[in-house]
Each structure stands twice: as C-alpha cells, then as structure tokens.
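Me: Got a model open here. Can you walk me through it?

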Amino acid sequence: GADAFRRLLDIYEANPEGAQTTDLRRETEDYLVHCLARAGGISAFETLFERTGSRAYEAKTLTSLAHLLRSVSLFDEAAAADRTWLERYPTHPDALDAARRLARTLERAGQPDAARAALLEGAPRFLPGSEWHEANSSPELRGEGIEFAQNAYRKVALHHHHRARETNQAKDWSRALDLYDNIVERWPDSPGAPTYHYYAGEAAAALDRREQAVTHFEVAAASDTASFRADAAWQALTVRDAWYETAPGDTALAAALIDAIDQFVERHGDDSRAPDLLWRKGHVAIEHGQPGAAAAAFGEIVRSHPDDPRSALAARYRAQSFYEADEFQAAGLSFTKAVLLAQKTGNDSLAVVIAPLIPHCSFRHAERMQKRDPAEAATLFEELALRWPSFSDAEQALYRAGLAHDEAGHGDEALRVWDTLVERHPQGDYSRDAYLQIADRRESESPAAAAAALASFAQAFPTDADAPAATLRAADLYAVSGNPTPADELRTRYLEQFPDDEVNALEILEPRAREDLAQVGPERPISALLGTGEGAAIDSAAVGTPGEDLRRYLDLAAGHEDLVSRAVLAEVHYHRGVEALDAFESVRLTLPLENAIRVKKEHLEKVLGELRACAAHEVSPWNRAAAYQIGSSLIGFGDALGASERPRGLAGDDLAAYEDVLEEQSYEFFDKGEGAWILLLRRAAEADVEDEWVERARDDLWPRLASRFIHRPELEHPLVLLNPPEGVDQ
C-alpha cells in the first residue's frame with residue numbers, strides 16, 4: 001500500500017499541473033504515513049526510501065510519521081523518527097523543530113534523562129560555527145537556534161542544580177557547574193548571565209572550588225541590573241570567609257576578604273548584613289596586625305549602626321585598635337563612646353570593665369606627648385590626675401606632671417604639682433621622690449621649706465634607706481633657717497627611730513652633752529647628772545631626766561673611741577675629779593691616824609684617777625685645769641698630814657720626832673704637787689698659753705718655793721718662771 005501512495009505522490013511531483021484539476025496530495029500523504037506506521041514505522045520509512053531513493057516529500061513524510069506515532073503514544077517510535085530526521089537532514093531549516101520535538105517526545109515518554117540528553121546532544125547543532133548555522137543565513141532562524149541551545153543548557157543545568165540541592169551529590173553539582181560555565185562562556189553578555197554566574201558560584205562553593213565560586217559570585221554581584229547583586233556579593237564573602245578559615249594565617253586571603261568586605265559596604269551600606277561584615281573585617285584585621293583597618297571597621301558599626309547590639313563592643317574594639325596603633329587620644333575617645341553605648345544598652349558590666357581604660361589612654365597620650373611638648377604633657381598629666389583621682393596611676397601622673405613642668409623650664413609649676421601630690425598621697429610610691437625633688441629645689445631659696453619636705457619624707461617612709469639621712473638633713477636645714485626647735489625635735493626623733501646608728505647618735509648627742517655639762521656647778525654636781533655612786537660606773541637613766549643626753553653620749557662613747565669628743569670626756573673626768581676632790585678634802589686625819597690616812601688616800605686615788613684621765617685627753621683648758629687640781633690635791637694631802645691630830649701624851653723629844661716624820665711624809669706630797677704645777681707652767685710657757693689655771697698655778701707655786709729657801713740666801717734662786725708673780729720680793 002505504501003508503494004501505491006508513494007507512486008501517486010511521485011506523479012504529482014512529476015506533473016504539478018495535474019494537481020490543478022484534482023489535488024489528492026494531502027490525502028495521499030496521510031495514507032502513506034499511516035501505511036508506514038502500520039508497516040513498522042521508521043524501519044518501513046527507511047526501507048521505502050532506500051529502495052526508491054530520495055524524494056522531495058521525504059522530509060515532510062518523516063515529520064508527519066513522527067507526529068502520528070506521538071499522537072498514538074508510540075513515543076519511542078516517534079523519538080526514533082525525530083532522530084532519523086536529524087540524521088538525514090542535519091542542515092535543513094526544520095532540523096531545529098525536529099530537535100525540539102525529540103526532547104518533548106522523550107519527556108512525554110517519561111524519559112526525562114533521555115530528553116535532557118537529547119537537548120544537550122542537539123544544542124551544539126545550532127550554535128554559531130555549526131554546519132546548520134552556516135547552512136541557514138536567516139538571522140531570525142539563527143537566533144532561534146541559539147536560543148534553543150541556550151535554553152537546552154540552562155534547562156539541564158537547572159535540573160542538576162535542583163537535584164544537587166536535594167541530594168548534595170558532587171556529580172550533580174559538578175554537572176551543573178560545567179553547564180553554567182558553558183553558558184556564561186558562550187553568552188557572557190546575555191541578560192541571564194548574572195543569574196547563571198550566581199548559580200555557578202553556588203555549585204562551585206558546594207564542590208569546595210573556592211576561587212571559582214568567588215569569581216562567579218563576584219561577576220554576578222558586579223551586575224548593574226540584577227536584583228540579587230547584594231546577595232551575590234554576600235555569597236562571595238561567605239566563600240572567602242570559609243576559605244580564610246582553612247588557613248587563618250594566610251595574609252593574602254585575609255587581605256582579599258577585607259577588600260571584598262569594603263566593596264560590599266561601599267555598594268550596599270544599607271544592607272542589613274553590613275554590620276556582620278564589618279564585625280568580621282574588624283576581627284580579621286586584628287588577627288593580622290592591622291589596627292587601622294580594624295578601627296575603621298568597628299568605627300563604621302558605631303557610626304552607621306548605633307542600634308546594633310554589638311555597637312558598644314565595636315567601640316571597645318575600635319578603641320583597642322587605636323591603642324595598638326599608639327593612637328592613645330583616639331583610643332580614649334572611643335573607650336568613652338563604648339562606655340556610653342554600654343550604659344545605653346544596659347550592659348553595665350561592660351561599662352565597668354571599659355571605664356578604667358579611659359584614663360589609662362589619657363596617661364599614655366600624655367606620656368607620648370612628653371617627647372614632643374613637655375609643657376603640654378604636664379597639663380595633660382595634671383588634668384588626668386584631677387579628673388580621675390581614683391585612677392591607679394593618678395599618683396604617677398601628678399609626679400610626671402611635675403617632671404614635665406621641670407623639663408619645660410617651669411620650676412614653680414613643678415613644685416606646685418609635687419606639693420599637690422604629697423598632700424594627696426603622702427605615703428605613695430611616687431611621693432617618695434616628690435618629697436626629695438621638692439627639698440632639692442627649695443633648699444637654696446627656702447631651707448625651712450626644704451627641711452619640711454625632708455622631714456615629711458622621713459616620717460612617711462621611715463624604713464626607706466634614705467630616711468635617716470633625710471631626717472638629719474632636715475634638722476640641719478631647720479637650724480640654718482633659724483628654727484632650732486624643729487631641728488632639735490627631728491634629731492630627737494632620729495635617736496628614737498634609728499637607735500642602731502651610734503655614729504650619728506654621737507654627733508647629735510655631743511652638743512647636748514655639752515649643754516648638760518654646762519649645768520654642772522656647786523648646786524648641781526656631776527654625780528647629780530650621771531647618777532653615779534660610790535664605786536659605780538656611768539649609768540643610763542630614765543628619759544627626760546637631767547643629764548640624759550650626757551649619759552647616753554657616754555654610754556655610746558665606749559664603743560667609738562675614735563669618734564667621741566675628747567673635750568667632752570675630758571670635762572666629764574675633770575668634774576668627777578673635782579667632785580671627788582671635795583670628798584677628799586672633807587676627810588680629817590684624826591686618831592686613829594692610820595685608818596684616817598688610809599681613807600683619805602683612797603679618796604686621793606679617786607681624785608688623781610679622774611684628773612689624770614682628764615689630762616690624758618690633752619684637751620685645753622681641761623688638761624691644764626686637771627694639772628692644777630692634781631698639784632693642789634697632792635699638796636692638800638701633805639698639808640693634811642701636817643695638820644693631823646697628834647697622839648695624846650706625846651711631849652718633848654717624842655713629839656718632835658713624831659712631827660719630823662710627818663713633815664718628811666708631807667714633803668713627799670709637796671714635791672709631787674709642786675712638780676705637777678711646775679710641769680703645767682713649763683708646758684704653758686712653751687705653748688705661749690695664759691689662762692686661769694696657769695695663773696693660779698703660778699700664784700700658788702711661787703710663794704711656796706720662795707718660803708722653802710728663805711732661810712738659805714746663799715743658794716741660787718731657782719729659775720722656774722721667767723716672770724715671777726707680782727708682789728714677791730725679788
């Protein structure tokens with residue numbers, strides 16, 4: 001049957017004019033198609049036309065066969081017909097329709113995979129450069145072919161994309177990415193290109209192809225027309241951030257992330273995600289030692305997003321970034337802002353933590369300023385201390401304000417600030433040096449003020465190594481300034497605070513000991529000051545009693561012979577000797593004479609011991625006074641022997657013999673006493689000294705010598721003195 005219909009169609013082809021009378025071509029074509037369908041479909045078609053050869057109506061017949069088979073749900077046969085069509089007529093203008101039909105047929109046949117494969121297989125046929133494209137010059141037709149190919153790639157890519165989202169299978173992501181890459185590579189300027197770049201970025205990100213994902217997302221974000229460009233930029237940033245997290249030490253990745261954040265904020269500053277990106281940028285910048293970038297990021301949060309719950313922390317981090325960049329003034333201002341924001345948001349604990357950092361920044365700013373402008377630094381330090389008196393370094397700030405004033409040549413201001421310091425922090429760490437600085441600078445112009453500073457220092461820091469010297473220096477300065485009372489009080493305090501310093505104690509006590517000695521007289525003998533008794537050594541007495549300083553001085557003198565005043569010791573021995581002399585003179589030589597002489601000699605030994613100890617110090621005038629008293633005591637003993645009580649019953653020769661013995665014993669003491677005077681007068685003459693003791697010795701000695709030789713005028717007068725006493729007969 002098919003041949004019959006084929007021959008009829010051949011007649012029409014050979015005699016076109018025949019159709020003018022009776023045109024049965026349409027009915028003949030339909031019957032031919034139905035015969036071929038019943039005879040086996042595409043196989044019958046191929047057998048028929050292979051036997052007879054090509055005909056003009058061949059392509060149309062094949063198209064109709066495919067439609068018929070599809071209409072009766074013979075989809076596989078219909079698809080085979082479409083494939084045959086494409087193989088037999090690849091450059092025919094209707095090849096595009098055949099490709100479309102093939103895909104639809106397979107979809108209707110429930111073979112979506114095959115349909116997509118057909119689309120991908122058919123798409124290249126209609127692209128520029130293909131055989132079909134070159135064979136068909138119609139712009140409209142070529143455009144339709146290109147559109148078919150683009151839609152084919154897009155449709156299949158979207159299929160794999162959706163499937164990948166459901167299964168997260170790498171093969172689906174990879175297939176989708178390849179197709180998107182193909183689309184954007186072939187049609188980079190198409191209106192849908194930004195979308196395909198966005199999808200490609202998602203697929204690349206899922207495959208962990210970070211660089212490829214970033215590239216696609218950023219191309220999509222660069223679009224001026226795409227409504228999703230902000231989201232594309234965000235996705236690019238999330239990929240960059242994840243990429244950075246795999247190697248947080250990578251400087252290049254950090255720089256790229258920061259730059260991308262900057263671009264996002266610049267283009268989409270009103271985007272709700274901008275604060276998150278700025279927050280991230282700030283922390284990445286901190287991690288990579290970029291305090292400037294960190295401060296800019298956190299500052300933008302504070303400035304543009306003050307209601308963000310992280311704004312207080314952002315201000316804190318901004319301040320910390322300024323601090324690390326040595327921008328201490330800016331850091332302080334930002335910490336202040338952080339405190340205000342924390343209080344505003346009810347984060348009082350954060351405000352409490354941040355608040356102490358504000359004066360700390362001010363301190364560091366002043367510290368840095370001191371190298372440039374000491375006067376300005378002094379003002380900053382002082383203002384800091386006054387504004388934040390409870391600041392841990394407020395004391396140091398005042399001290400350094402003084403140093404800065406001094407460095408700037410403002411000495412009076414330095415003293416003013418240091419005065420404030422010691423007033424507020426009398427026992428502070430920096431007050432120690434402030435006291436000394438004040439004393440050093442005021443000593444020349446105001447010794448009393450310098451003394452007060454040193455005294456305050458010693459009182460505030462009694463255990464300091466410089467406290468002893470400061471106390472003594474303060475006492476000296478008070479004395480120089482005409483204030484003996486505080487000077488004396490300080491020296492007394494020194495004795496109490498530093499009892500082990502025997503050297504300075506001796507120096508302090510010496511003038512006081514001299515004052516005590518000045519009280520010695522008939523109404524107050526030395527024993528009344530020293531508290532000595534018969535056979536006792538020098539004793540210490542209760543504090544505040546007369547002679548206390550003298551007693552303490554003598555107690556210390558025993559261990560410091562090289563430092564003690566020989567004059568003081570000499571005077572002490574002299575007064576003790578004189579007091580002993582009084583006791584000696586009070587002893588009368590009465591019967592029994594032997595006992596009386598023994599007692600009187602004991603007293604004489606005491607007198608001579610003290611006076612000889614005085615003379616041994618060789619200190620004027622006490623050595624001469626002692627020499628005189630030695631002679632006087634010896635002569636006095638001789639006189640006492642001569643005046644001693646005589647035994648009762650002696651008379652005549654017995655009495656004369658007894659008195660001769662006494663006279664002989666007396667002369668022994670007279671000779672010693674006169675010898676002591678003679679030695680005194682000789683040494684005085686050699687030293688050309690004339691004083692009370694020399695005069696008394698001369699006055700007492702000369703008559704005695706004169707009377708001794710008055711009955712022997714033939715003897716030469718002894719030349720003891722060059723100038724005999726007045727009134728003596730020459």
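This is a predicted model: local features need pLDDT of at least 70, side-chain atom pairs count only at pLDDT 80 or more; totals for chains, interfaces and linings use all residues.

Me: Which residues have the most contacts inside the largest nonpolar core?
Reply: Phe45, Leu62, Tyr153, Tyr180, Trp418, Leu550 and Tyr553, in a core of 174 residues. A nonpolar core here is a set of buried Ala, Val, Leu, Ile, Met, Phe, Trp, Tyr and Cys residues joined through side-chain atoms within 4.5 Å. Buried means under 20% relative accessible area, exposed over 50%, partly exposed in between, with a 1.4 Å probe and protein chains only.

Me: Which helix gives the largest share of this core?
Reply: Helix 9, residues 139-167, with 9 residues. Helices are DSSP runs (H or I, at least four residues), numbered from the N terminus.

Me: What is Trp418 in contact with?
Reply: Leaving aside neighbours within four places in sequence, Trp418 contacts Leu398, Tyr399, Gly402, Leu403 and Asp406, plus Ala434, Gln437, Ile438 and Arg441. Contact means heavy atoms within 4.5 Å.

Me: What pLDDT does the protein average?
Reply: 88, and 91% of the residues score at least 70. pLDDT is the predictor's confidence in each residue, from 0 to 100.

Me: Where is the pLDDT below 50?
Reply: Over residues 533-543. Beyond near neighbours in sequence, that stretch has 17 contacts in the model.

Me: Backbone now. Is the peptide bond from Leu591 to Pro592 cis or trans?
Reply: Cis, with omega near -5°. Pro592 is in the loop between helix 31 (566-585) and helix 32 (593-616). The bond from Ser620 to Pro621 is also cis, omega near 0°. Pro621 sits in the loop between helix 32 and helix 33 (622-642).

Me: And phi? Is it positive or negative at Ser73?
Reply: Positive, about 65°, although Ser73 is not a glycine. Most residues other than glycine have a negative phi, and most peptide bonds are trans. Ser73 is in the loop between helix 4 (58-71) and helix 5 (75-88).

Me: Why does Ser73 count as partly exposed?
Reply: Because its relative accessibility is 46%.

Me: What about Asn168?
Reply: Asn168 has a positive phi of about 55°. Its loop runs between helix 9 and helix 10 (170-186). Asn168 counts as exposed because its relative accessibility is 53%.

Conventions
Residues are numbered from 1 along each chain as its sequence is written. Side-chain values use heavy atoms; hydrogens and water are left out. Helices (H or I, at least four residues) and strands (E, at least two) are DSSP runs, numbered from the N terminus.
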